[in-house]
Every structure is written in C-alpha cells, then in structure tokens.
Amino acid sequence: MGTEAVRPGRPAIRFRPGATVDFVVVGSGAAGGIMAKELATAGFTVVVLEQGPRVEAEQFEHDEIKTFFQSALQNNPAGFTFRRTEADAARPGRIQLLYHRLVGGGSVMFTANYWRFREIDFAERSRLGEVAGTGLADWPITYRDLEPYYTRAEWELGVSGVPGLFDPPRSRRYPLPPLPVKSSGVLFERGARALGLHPQPSPLAILSRPYHGRRACQHCGYCLAFGCEFGAKSSTLVTVIPLAEATGRCEIRADSYVRKIEVDDRGRVTGATYLDADKREHFQPARAVVLCCNGAETPRLLLMSTSSLFPNGLANSSGVVGKYLMFNGLSSASGVFERPLNEFKSVMATRVLYDFYDSDPRRGFYGGGALDARAFVYPTLFALGGLPHDAPSWGAEYKRMLREYYTRTMNVDGHSTSLPLETNSISLDPEVKDAWGLPALRVTYRDHPDDLAMMRFLQDKAVEILEAAGARQTWRQPVQEATLAAHLLGTCRMGNDPRTSVVDQYHRTHDVRNLFICDGSSLVTGGRGQPTCTIQALAYRAGEHIAALARRGEI
Amino acid sequence: MFDDALSRRAFLTVSGAAVASAWLAADPDELRASLAHAARAREAPCAPAWEFFTAEQAADVEAIAAQIVPTDDTPGAREARVVSFVDHSLATWAVPQREPFIQGLDGLNGDVEKRWPGTGRFASLPPERQLELLRAQEQTPFFRQMRFATLVGMFSLPSYGGNAGKLGWRLIGFEDRYVWQPPFGDYDAEAAGRGH
C-alpha cells in the first residue's frame with residue numbers, strides 16, 4: 001500500500017528536447033496525476049503534458065471574480081458550441097461545460113465528494129434488462145475487481161469518512177475520520193431521520209487530520225471551484241504529482257496543449273505534437289501514450305488525430321469515440337431556517353444519504369441517486385441568485401432579505417444517473433475554432449426523460465427533508481435540461497467488444513497497441529453523480545497493468 | 001463579464017414575508033458607525049479621479065447602484081463604493097463591456113429626457129422618480145448589467161475597487177477568515193451541546 005509521506009521533489013527532471021521517453025501522459029488531473037506517479041514509480045520515464053499552468057497551493061485565493069467571471073484556470077467558455085440534437089445548429093455559449101486547466105486539473109477545484117460506485121453500477125444492464133433506446137451496458141469489470149484500487153486511492157490520497165448502511169463492501173476502513181458536521185448536516189440528518197431515511201457523513205477527499213505531511217482542513221469554506229491554499233484537499237497536485245517528480249523520472253510540462261497524437265505507418269503511436277505557452281509547436285516522442293484529458297478533451301484529441309490509417313480519428317474503428325456522453329443529473333432545493341447556519345464556513349457537504357441509490361421499477365422510470373446537504377454561499381453568487389425566486393431582486397426589500405437569508409439558508413442537492421445515449425456526444429465543430437485555432441468542441445446533449453424524472457423525484461425528497469428539518473420556507477431550482485456540465489463521462493467507453501467500445505478492461509485502445517486512455521471517458525455508466533473516486537481507482541488499476549505490460553515487453 | 005448568466009432568477013414580485021429585526025446579520029451599531037465613517041469620507045475635499053467614467057457618468061452609475069442596494073440604517077452600494085468597482089472594471093478586465101454599458105446608460109438618460117424634459121441626467125432626478133424609471137426598465141439588458149455589476153462590486157474582493165471596508169460582507173454576515181473552528185452555526189453548536 002502506497003502510504004509513503006509526500007516529499008517535496010522539485011525541481012524535478014527536465015528531459016532534453018526531442019528525447020524519447022517511455023510514456024507521454026496527456027493531462028495531469030484526477031487520472032493523469034495518478035498515472036504519472038504509477039508509471040514513474042514503476043521505473044519508467046514519463047512526460048506529462050498539461051494544457052494549463054502550474055499553480056502551487058499557496059497561490060490559491062478566494063477570488064470569486066477570477067473564478068466565476070474571468071475563467072482564469074478553466075476552459076475558455078468560448079471554445080465550444082452546443083446543440084440539443086443533431087438536427088439543430090450548434091452555437092457557442094448555450095451550455096457551460098466546466099473543467100479546469102492547470103496542473104492537477106479538476107482534482108484541484110472539485111468539491112471533493114468521494115463516493116465509491118457500488119456493485120450495481122457495474123452490472124445494471126444485466127440486473128435491470130435493456131432500457132429501450134439507450135446504450136445502458138454492463139462494465140467488463142466488477143466492483144470486486146476495482147475494490148482494491150478504491151482502497152488504494154483513499155489511503156494514498158487521503159479521504160475522510162465512515163461507512164454507512166448502504167455502502168459497498170470494503171477491505172479497509174477510511175484512513176481519516178469524517179470532517180466535523182455543519183449546521184446543514186445536523187438539519188439534514190434531523191429531517192431525513194424523521195422521514196425514516198439513513199443519512200451518513202459525506203466521504204470527502206479532504207483531510208480531517210494531518211496526513212502524510214499535509215495539513216488538515218482549516219474550514220475556510222472555499223472548496224467548490226477553488227484550489228485549497230492549505231493543501232488539505234487531496235488533489236493530485238499535492239499528493240501523487242510530488243511523488244511522481246520525486247522519482248527523478250517524471251517531468252510535468254505545464255502550458256503544453258496537445259493538438260495531435262502522431263502515428264507511424266504500422267499504426268503505432270509515436271508521441272504527441274503540442275503547442276507551448278507561446279503557441280510554438282513541439283513534438284514529444286514516446287514509446288507509448290496515455291490519454292487522461294477528461295471526457296471532453298480526450299475524444300476531441302482522438303478526433304483531431306486523423307491520418308491515412310485512421311481517417312475517422314485515432315482508435316475510432318468502432319465509431320463510438322465521443323459518443324455516450326453523460327453529465328450526471330443535478331437538482332437542488334433550498335430552505336431557510338430561524339437561526340444562523342453560517343454555511344460559508346467549512347466544506348461543501350457533511351451529510352449524504354443513499355436510500356434512493358438503486359433504480360426502482362416501482363417509480364416508473366430508470367434512475368437512482370443520492371441527496372446531500374449543501375452550501376451555496378459564496379457571497380457574490382448568493383447575492384446574484386441565492387434568494388427564493390419570488391423575492392425581489394433589487395431594492396430595499398431585496399437588501400433586507402439578503403441580510404436575513406445569507407447566513408440561514410442551506411441546500412439539499414440531488415445527484416443522479418444519466419443514461420448513456422449514442423446521440424449525446426462530443427465532436428469537432430466544423431466551423432468554430434478555439435483560442436489556439438483548433439476545432440472547437442461541439443457538444444450534442446439532450447437529457448433522457450428518465451434522467452429528468454429522477455431529478456424531480458430527488459428534488460421532491462429534498463423539499464420533504466428540508467420541511468421535516470423545520471425550514472420556514474423552501475424553494476426549488478427549476479429541473480431542466482442540462483445548462484452546466486462539470487462531469488464529462490462515457491465518451492471512450494470500456495468494453496470487451498471492439499465494435500462497440502474504445503478501450504479494453506485495462507484501458508488499452510482496441511485499435512492501437514501502445515495507446516491507452518484512462519479518465520472519465522472510460523466509464524460505461526455514470527454512477528450517481530460523483531465520479532472522481534471511480535476515475536481515480538481506475539487510474540490506479542490501469543497504471544498497475546500498463547506498467548506490468550511494459551515490463552513484459554507487451555506494449 | 002458583466003452579464004447575468006449566473007443570476008438564476010427572474011424578476012418577480014415582492015415576497016411578503018415579515019421578519020423580525022433580530023434576524024439582522026451584523027451588529028447594527030457597528031454598521032451605523034461605518035455608515036457615518038463612509039459619509040465623512042465622501043465629504044472629503046478631493047474628488048475621486050475616475051479611470052474610465054466622466055464625472056456625470058459616475059454620478060449616474062452611483063445613483064443606479066444606490067437604488068439596487070439602497071442605504072437605509074445600514075450601508076448600501078454608495079458606501080461600499082460600487083461605482084469605483086464598476087469604473088475600475090470597465091477600465092481593466094471588463095473592457096469589452098464598455099460599449100454596451102455606455103450605450104445603455106445613454107439610453108437611460110434618453111428616457112429621462114423623454115419622460116421629464118429638461119430635468120437633466122438620471123442622477124439629478126429625485127429618488128422616487130429614479131425608482132419609478134428603474135422599475136420600468138428592470139427587464140432591459142442595461143439594468144441587468146447594472147444589477148450584476150452592483151452586486152459583484154458590493155460582495156467581491158475589495159481589491160477590485162468595491163466592497164469598501166468589507167461593508168458588503170459585514171452587511172450579510174460573511175467574514176473572510178481563512179481559518180474557522182467548529183461550531184460553525186447555531187444548529188451544529190446545539191447538536192454538540194455547546195450552544196444555547
């Protein structure tokens with residue numbers, strides 16, 4: 001079990017320009033950071049090419065303007081287009097596709113909810129039967145296959161929690177106890193128990209105590225969309241990336257935007273062509289390539305990597321690269337209480353319940369999910385949209401209500417399934433270009449009616465919980481078709497059949513022997529709304545197998 | 001950007017919920033003291049130097065912001081120097097918003113002239129007429145832009161030019177400390193047996 005202390009390993013190795021390395025890993029986020037560390041500690045040379053800059057933990061700040069209105073470390077919102085169906089014209093700006101460009105990627109900015117998938121997530125198709133018109137499928141692996149790697153992720157990265165009634169079997173306890181409960185958690189628990197439900201502490205990739213030389217959470221309140229200035233959030237930036245660099249075999253090359261994976265005339269990949277911060281082009285040769293760019297950028301890169309051998313995009317003989325995109329359902333209800341909760345302090349969620357996790361045919365639709373007690377309390381965002389919909393939006397009464405509601409409001413959010421649909425996809429926009437002059441991401445996405453039904457179901461439960469907890473007023477965010485997507489899943493799905501999937505169960509592409517993919521795109525189903533834990537468990541498992549293949553000369 | 005894409009609500013009717021004064025977030029005496037301090041600062045002899053606005057534009061923007069978050073017995077947009085935030089933003093990171101912003105402001109002053117010929121600019125209208133005009137315009141892109149800019153200026157980091165003296169934060173009971181310890185709120189304090 002990798003529980004060695006993190007040693008600051010910088011300055012790390014810098015490879016000579018043009019030198020061939022064993023592996024190029026594209027992307028340094030939730031999966032890429034782990035992949036780099038696994039391959040480097042196994043003895044291989046690794047260059048990680050990361051689109052964004054390197055920002056160290058102590059440079060993060062609580063700046064809502066930079067974070068929400070200037071997209072400083074996010075993808076450029078102008079760099080993609082959106083349409084509901086293939087029949088529509090794709091236009092920029094109609095949906096917010098949110099991911100992060102910096103060393104550590106989304107693992108730096110995520111809320112840090114760290115839910116394992118369960119047995120059912122891997123075998124839902126055979127358990128439930130076909131869901132007509134969808135691509136719901138079993139995974140080629142089971143929960144049991146992945147369990148050791150979930151444990152490894154929790155112990156190596158640092159996760160706080162305690163198992164609850166519905167948790168899947170685990171081989172080891174959580175390494176750290178849960179974070180202290182907030183007022184929202186106390187109220188959620190009160191309301192849920194009154195309804196006969198089973199709330200439990202939220203598992204979080206945030207340290208409740210010092211761990212591996214890192215500081216514990218200081219409860220600053222800025223987790224979602226912000227980097228942790230204390231290094232208490234278990235991002236790859238502060239956990240595995242320093243370990244990878246400490247090997248002396250891994251270079252994290254920031255500000256390196258890969259535009260093409262190159263192939264030779266035998267159909268093997270030879271390395272990556274990328275643009276540096278000054279948009280100068282370079283080629284990094286490698287014996288093998290691992291894509292960990294996320295569920296939007298990975299298929300885009302494959303589709304941009306056309307050649308005479310791969311005219312429809314690299315590793316796309318199946319034609320399913322970019323298809324079966326899943327976002328996860330999100331619904332939200334708010335409640336205001338008599339006395340201050342002060343939700344602006346500490347982590348985003350401290351209580352969750354999984355009573356509605358499994359799909360239940362009696363509901364009349366496919367779907368499952370979880371509910372958690374949430375803060376929505378950054379002051380500027382709350383002022384813009386935190387009050388009930390029928391409240392005034394400016395003037396004296398608005399001001400009075402803002403003063404009353406800011407410290408007394410909490411949310412209960414529903415996190416739920418997205419059915420994999422072949423028609424929901426990432427493709428290349430034929431006209432619009434991004435800031436680098438490369439084809440913009442084109443998103444085609446329409447929620448399945450069952451996904452919307454599940455969101456409404458959970459929202460009804462959320463309101464019941466808030467009312468049972470004693471809220472004096474509740475209100476709902478409208479359940480509607482997706483307008484924001486932070487989970488980008490399923491677009492290079494894993495499977496045994498090369499005609500219907502992109503990677504095999506060890507993340508090797510069916511078409512190219514020395515090309516691997518491991519990130520949100522590998523997921524066959526999207527779970528119930530918190531995919532990072534599973535993406536990271538997959539990365540540990542894939543890293544171990546890829547290293548073993550390389551050692552045996554089978555790449 | 002100064003758009004209200006993140007503002008999730010439509011502009012609807014006033015909620016009738018009555019609330020006791022005990023609910024107010026910050027210590028009223030402290031806020032009243034800061035109100036007096038802000039008033040003294042505004043009466044200081046040196047006029048502010050604007051980075052982008054003319055003095056007339058600044059006066060209009062300040063007057064609109066003061067209707068969006070008015071000053072009553074506690075500070076509002078005026079005391080939090082929202083106009084400085086808007087001016088600084090349009091001079092720096094929000095440059096692309098200059099043209100629509102100034103066009104919108106000119107449009108508003110055009111309406112002032114149409115409704116009440118000869119009264120001058122928005123800032124010179126009596127407060128009830130300012131309110132009447134803005135109520136009629138609250139669905140316009142310019143008003144939405146002003147609302148967005150006012151609220152961002154009121155509640156964002158003071159280094160951007162607004163939220164002077166952290167008045168916006170103090171008004172709603174937010175405190176920008178980086179380190180907290182439980183209990184965080186009344187209900188977890190109660191549950192831990194430490195409070196009340």
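Modeller: Gladly! Two strands pair if DSSP finds at least two bridges between them, and strands (E, at least two residues) and helices (H or I, at least four) are DSSP runs numbered from the N terminus. This is a predicted model, where local features need pLDDT of at least 70 and side-chain atom pairs count only at pLDDT 80 or more, while totals for chains, interfaces and linings use all residues. Residues are numbered from 1 along each chain as its sequence is written, and chains are lettered from A and ligands numbered from 1 in the order in which they are written.

Biologist: How do you know that strand E11 of chain A and E14(A) pair?

Modeller: Strand E11 (residues 329-336) of chain A and E14(A) share 8 bridges in the antiparallel sense, and at least two are asked for. Within E14(A), A:Asp413 stands opposite A:Ser332. Strand E13 (residues 369-374) of chain A also pairs with E14(A), antiparallel over 6 bridges; there A:Leu371 has A:Gly414 as its bridge partner.

Biologist: What makes strand E14 of chain A mostly covered?

Modeller: A residue is buried if 20 or more other C-beta atoms, placed from the backbone, lie within 10 Å of its own, exposed if 12 or fewer, and partly exposed in between. In E14(A) (residues 409-416), 8 of 8 residues are buried. Both faces are covered, with A:Thr409, A:Asn411, A:Asp413 and A:His415 on one side and A:Met410, A:Val412, A:Gly414 and A:Ser416 on the other.

Biologist: Why are the buried residues of H4(B) said to line one face of the helix?

Modeller: They are B:Phe101, B:Leu105, B:Leu108 and B:Val112. Seen down the axis of H4(B), they fall within an arc of 55°, so they line one face; the arc is that of the directions from the helix axis to the C-beta atoms. An α-helix has 3.6 residues a turn, so residues three or four places apart point the same way. The face of H4(B) turned away from the buried side carries the exposed B:Glu99, B:Gln103, B:Gly110, B:Glu113 and B:Lys114.

Biologist: And how do you know that the span of helix H4 of chain B is close to the expected one?

Modeller: The expected span is 1.5 Å times one less than the number of residues. Helix H4 (residues 98-115) of chain B has 18 residues and reaches 26 Å from first C-alpha to last, close to the expected 26 Å.

Biologist: What does A:Met35 touch?

Modeller: Contact requires C-beta atoms, placed from the backbone, within 7 Å. Leaving out residues up to four places away in sequence, A:Met35 touches A:Val25, A:Val290, A:Cys292, A:Cys518, A:Ala539, A:Ala542 and A:Gly543.

Key
Contact = placed C-beta atoms within 7 Å.
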